[in-house]
Every structure is written in C-alpha cells, then in structure tokens.
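Have the structure open while you read.

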Amino acid sequence: MTKSRLFWGIVAPTAAILNSLLFVYIILKLRGVEPIEMFKLMISYGFDPRNLVSEINQTVAYYMAGVAAAIGFKMLLFNIGIDGQYRMGAFFGAVVGAAVNLPPVLHVLLIILVAMLAGGVWAAIAGYLKVKRGVNEVISNIMLNFIAAAIIAFLLSPNLLGSLPEGSQNLQTKPIPASGQMPTIKAFEGEIYTFFFIAIVVGVGYWIMLNKTIFGFNLRATGLSFRAARASGVNAPGMIFITTVLSGAIAGLVGIGTLLSDTHSYSMAFPSGYAFTGLALALLGRNHPVGIFFAAFLWSFLERSAPVLEFEGVPPEIVIVMQGTIVLSIVIAYEVVARINLRQQQRAVGSANTENQNSQAEQVKETK
Amino acid sequence: MSTNTNSAKKSGSKTKSFFKSPARVTLLIAGIFLIISLVEVITGATDISSPGTSGATLRFAIPLLMAGLGGLWAERAGVINIGLEGMMIVGTWTAAWFGYLHGPVIGILAAAFFGLASGFFHAIMTVKIGIDQAVSGLAINLIAAGAARYLSGIFFPPVGGDRTVSPPVDTLPSFSIPIIAPILKSIDEKEIFFVSNIAGLLYGVTKELSVVTVGFLLLVPLTSWILWRSKFGLRMRFSGENPMAAESLGINVYRTRYIAISVSGMLASLGGAYLALVASSVYREGQTAGRGFIGLATVIFGNWKPSGVFAGSILFGFTDAIRVRQAESVTALILAAGFVALLLSIFYTSSRRWKPAASYFTIGLVALWINQSVETIPQEFVTVFPNVATLLVLTFLAQRLTPPAMAGMPYRRGSE
C-alpha cells in the first residue's frame, strides 16, 4: 500500500509535467519554432550559474508559499489568502524593522516574528469567519486579498508610513538599518539569501509538526474527517482556526527573504500572485516538504529561464500557460489515480466477500 | 414570553411585507433620492446625481453585472466559478482581436463563442473529471491571463498594436432614446430641487446607450424567467440544491451543469467584450482588473438572485463611477448613508425592534462622524468597497442568505 502510494506520488507529477510539456510542444510548433531547441535553450540558460542563484532565491519564497498552502490542505482548507497574508507580513515586517534599533540577531528575529504575526492575524480573520460564521474560506480570502492590498497602498502614501526616495517613482517604506539585515552567501557571481536556511528550518519543522506531534496528529485527523475527530475528543473547530493562523504565519514569511537580504524596504514592486503559486506547489509536491521544494524549484526555474525565448520571437508568457496546465494535469492525475485505487479496493472487498460466502457454503455442506 | 415572540414575529413579517410591496419600494427609492438631493444641496457635491455619473455608473456596472450573472448561472447549477476573471480576459482578448479583423459585431460573437468554450472547459474539469472547483477556476484564470499575454505578444505588434495593447477597434453603435431623453435633458437643466435630480439621473441612462447595453440589461429578467418559470431553470436549481435527489427523479444533472456552466462562461466573456468594445475601444493587459472576482461578490451580495446581482452591480458600479469622477462626493455619499441609517433606526424604533434600531443608530452616528472628521476618503478604500461590503454581508447577514445548498460540493453520479 505504502509502496504504491510512493509510486503514484512520483508517477503522477511526472506525468503531469510531461503532459504540459507536450502541450507547450504543440503550441511552439504552431508558432513555427523548433520546440526541442527551445527547451534546450531554456535548460542551458536556466542552469547558467548566475541565473541559478536568483532561481534559488526565488525558490525560497515559493517554498514558503507552498508550505503555507500545504498546511491548509492538510485540513482541507483552501488558503487562497496567501497573497494578502504575505503582503501584510512583508509590509509590517519592514515597517517595524525600520522603526526599532536592536542588536543584529535580535533585530532580524523580531522582523521575522512580526511578519509571522501579521500574516497570522490577517489569516485569523478568514479563520474566524469560517469557524464562527460558516463563511467559505475561498470567498473570504479572495476579498481579504484585495482589502490587504488596498490597506497597504493606503499606508504607503508619503505622509503615512511610506516615502519616495529621490529619483524613484516607487513608493516604499523606510529602509531597515544594517543590524536588521541578513547576510548573503557569495556564490557564482551572485548572492544567495541566508534566509534559505530559515526555509529549511520551516520545512523540517513542518514535517516534524505534522508527523511527530500530537497537534499534527489532531490536524491530520480533523482534515481526514471533521466529525470523527470531533467525536474522539479533538476540538475540531479550534483546530481549523489554529491551522488557518499557522498557514497565514508561514505565508507572512514569503517576502521576508527578499526584504532582509535585498531590498531592505517594502515597496509596491513586491510581486503578487503567490497564492495560486503556493497552492499549485503544494498540489504538485503532494504536501510533502521535499516534494514542495522540487516543485518550487521547477516553478522558479521556468520563470527565470523563460526570458531567453524572447530572442527567438516567442513571448515568454508561454510559461504561465505551462504552469497552469501543469496544475490542471496534476489534479486530474490525482483524481484518476484515486478513482483507480477506489475501484481496486472495491474489487478486493467484493472478491473477499464472495470467498467468504463460498467457504461458508462449504462449511454448511460439511455439517450436513 | 410567548406573546413577546409573537409580536416580534408579527413585526418581522411587517417589515418584510414593507420591503416587498412594489409601491413602497418605489417610495423608498424616492425617499433615498430626496435625501441625496438634500445632501447635494448641503455639501455642494453636485456630481452624485448628474447625468454623467449615472451614465458612468451604467458603464461600470455592466461588466460586473455580466460577471455576476455568469457566477449566478454556475452556482445555481451547483458549481462555483472562480474562473470568471479568466473568462472575462478571454472575452476582452477575443473581442478585440476579432473585432479588429472583422468588425465589432463579429468581435462580440467571437467573445461569446470562446467564452462558451472556456465555460465548457470548466464544466469538463469539474463535472466530468471531478477535480476541485476552486483549483479548476484558478487554473483557468492563470491560463487565460498567460495565453492572452502570449497571443498579444505574437499578434498585436505586427498590426500596429503593442505587446500589451491591441490596435484600436471600432466600437458598437450607440443611440439616445428618442423623445424621452431630450425631455429629461431639458428638465435636468432647469435645476428644480429633487425633480431635476431624478431627471438628470434618468437622462444619463437614456442617452448614448450602446445596443449591447440594452441587450445585456434584458438578460436580468431573462435569467429570472429561466430560473423560476422554465423547465430548464427548475432542473438547474434542483441540481444546485440536491443533485442526488434530482438524479433520482430522472434529471440529467451532468448535462444540466454542462449547459449552465457553459452559459456562465459566455456571460462573463461578454462582460469582458463590453470592456474592450464599448467601455473602451482597445484590449489592454489587466483591463479586467479583478472584475471577475467582484462579479463573484455581487452573486453573494445579491443573494443568488438575478435582481439582487443587478442591484449589487449597480451599487458597486456607482461607487466606481463616483471614485473616478469626483472623489470628494464619497464623503457626501457617506452623509447620505448616515441619514438613511438614522431614518431606518427611527422606523425600527416605531415598530419596537430595539436591537436593529440601536445598531442602525450607531451606524448613522459613525457615518456622520466620518463625514465631519475626514476630508476625503482615500481612493484605495473606495476601490475595495465591494469586497468589504461582501465580507460584511457574509459576516452579519449570513443567516438571511440562501445560497444553493450544494454549490461548490463535489458530486459524482451514483455516489453520496
């Protein structure tokens, strides 16, 4: 059973990726370029050491989003609010980080804590609405994403928390002093964020929390069956709320790597769209910390290597289509696999039943 | 105790019938306009009821209405359509491209066709294959956005467009309603208190109407008729409320959902086409700007009813129009809302329902306080008004909402 699960866990994502590659192959063929050449070009450009560094940095951000989504998925929660939570985390982390003066390590820890808190609090709204008011978390989170963006855009205005540096059109928060910055590792003519290690800690922590603690057991139990968990004494609504907050807290860390090691201030240039990416990565990585890592790397690899297509007359947005088809293929693959498994189980149960009946009939004969 | 609950019930039904009687609703609307005209006189914000604003309101409301109706069709049949935004993008792009090639009429038809196809795609994913409805919708959003950008990069630059902007497209013809519009205009110009305000408002929605606008507005009663008067509508609502029971009575739930979701995609896409061909004359990247999601919000706001979706989209379109045209008017509007809340509080006090009376009184006071203490409401907050309003409705009025019972739930034929 476990063996087949591992087998399907690898086969299904691979099949999904191949499927979308085939799709992109056809599109490129229609464009009149040689697809295999394009793929080769992307791979050689993407594995260029300089690009590899920025890919790793982007992977860290995506990894956080993926883990945040995975925590939600374990509870059957669809945390589409990662976008708003990440914004809140990065923004308030930047504001608080710029406002205080602390010794180096403490300063960084404080920023990370504030970011998690801000993301968690923002997620708590959706959690509260879900548990106490029965509001579907997808709808509330979509609305909350827009509201978070508006609040931050408002707070970023120059007479509030934002400022407009000279020669820039981009509103941003005040810069974080050197004590609150994280060092970078020089590698391949680039700089890898040391936030990378925090991501590893989060991944390991996620795995331990889920598999080795009572809390994780309760979480998985509630996710598998709300009613069964409740009947066996788990505070199921409370678990849903805590899981939502936890997911939001991790989502609050998405933008922190960039903030602490690169920009040192939050600006409107911080990208959006992490919510869907996070969900996609959690699906692709089957909610497993290692799987999510590979998925995150694939995602950032696709994005960073796409611009090379521009020179061949292919708009690089093709990778967005590719990402979308990967997600669709993966969920379809899981659905199909689940149905095959179900059918096999039913067949196994059915044949066991008939065997039982046969043996019973024989026993009856013998007694006669 | 029992008499107490009885009287509460009585007054409850009273308020219900008060809002239900059409004559009284007209009276209520007239009253609101009286307040608005008063507020205009007090604050000098003259733009709230000007013909320009009502015209702009309609222009902003139509795309939301179409997205909302699209969401309504899908959810009534039991499937949530988060892909509305992507389907709108499909509409903007195809309308602009085919409109550029063959004229705006073909553009609209193309948008309808490709919207239908995108809805059909969502139906295959959610009904036939049975994947999570939210995942499918979000994937459609992503793929549509990516595909539009990819195709723009290929098709638009050679014909005088840009990587993100299409070449200009002819717009559809528009007309002013004869006789009525000129009369309203002359009344509006006389500046009689209250009468001119209403005339100005009506003039704004009767002049320079696009042909499509009229057609799209007619979809509201049509949808109502289909949902509650036709055989297909009954099947559709049944599929959304209880697909298993529907199946057991011989209704083909799958086919019903296929049709409903395809129509949903077509409506959303037509909303996008309106953005490209009527509201502007060009496709621009990011043109839909989250309108698909606001359409989703109008469905909730409108309590899953076509008339409610219409009211919601008019309200959200109105705030959009005010924001774009005269941002200072927003504070005047808050003053008006405060007056309305105070009136409601008096109304509830007279029927001895203390709790709503108290809450409306507080709302009224808060509104007056905001009006007194704030110069202008920041643009950002006006933009997200629909989102906040929807969250508030979901939070405080959830008991009154009647969503289709099985919307968003997975359903497999023959399973529980």
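Let's start with the length of H5(B): its 26 residues, at 1.5 Å a residue, should span 38 Å, and its end C-alpha atoms are 36 Å apart, which agrees. The expected span here is 1.5 Å times one less than the number of residues. Helices are DSSP runs (H or I, at least four residues) numbered from the N terminus.

A word on the source: this is a predicted model, where local features need pLDDT of at least 70, side-chain atom pairs count only at pLDDT 80 or more, and totals for chains, interfaces and linings use all residues. Residues are numbered from 1 along each chain as its sequence is written, with chains lettered from A and ligands numbered from 1 in the order in which they are written.

Back to H5(B), which bends by about 25° at B:Ala123 (the angle between axes fitted to the seven residues ending there and the seven starting there). After the helix comes B:Gly130, with a positive phi near 85°.

Two helix pairs are worth a look. Axes are lines fitted to C-alpha atoms over the stretch in contact, and angles run from 0 to 180 degrees between N-to-C directions.

| Helix pair | Angle | Axes |
|---|---|---|
| H5 (104–129) and H6 (133–155) of chain B | about 150° | 9 Å apart |
| H8 (214–224) and H10 (236–251) of chain A | roughly 105° | within 10 Å |

That makes H5(B) roughly antiparallel to H6(B) (over 145 degrees). In H5(B), B:Phe121 and B:Met125 are among the residues that meet H6(B), whose partners include B:Gly137 and B:Ile140. Contact means C-beta atoms, placed from the backbone, within 7 Å.

H8(A), in turn, is roughly perpendicular to H10(A) (65 to 115 degrees). Here A:Asn218, A:Leu219 and A:Thr222 of H8(A) meet A:Ala236, A:Met239, A:Ile240 and A:Thr243 of H10(A).

Finally, where do chains A and B touch? 30 residues of chain A are in contact with 36 residues of chain B. On the chain A side, H5 (104–133), H6 (137–155) and H14 (318–367) each supply at least two residues, and H14(A) gives the largest share, 11 residues.

Terms used:
Angles under 35 degrees count as roughly parallel, over 145 as roughly antiparallel, 65 to 115 as roughly perpendicular and the rest as oblique. Two residues are in contact if their C-beta atoms, placed from the backbone, lie within 7 Å.
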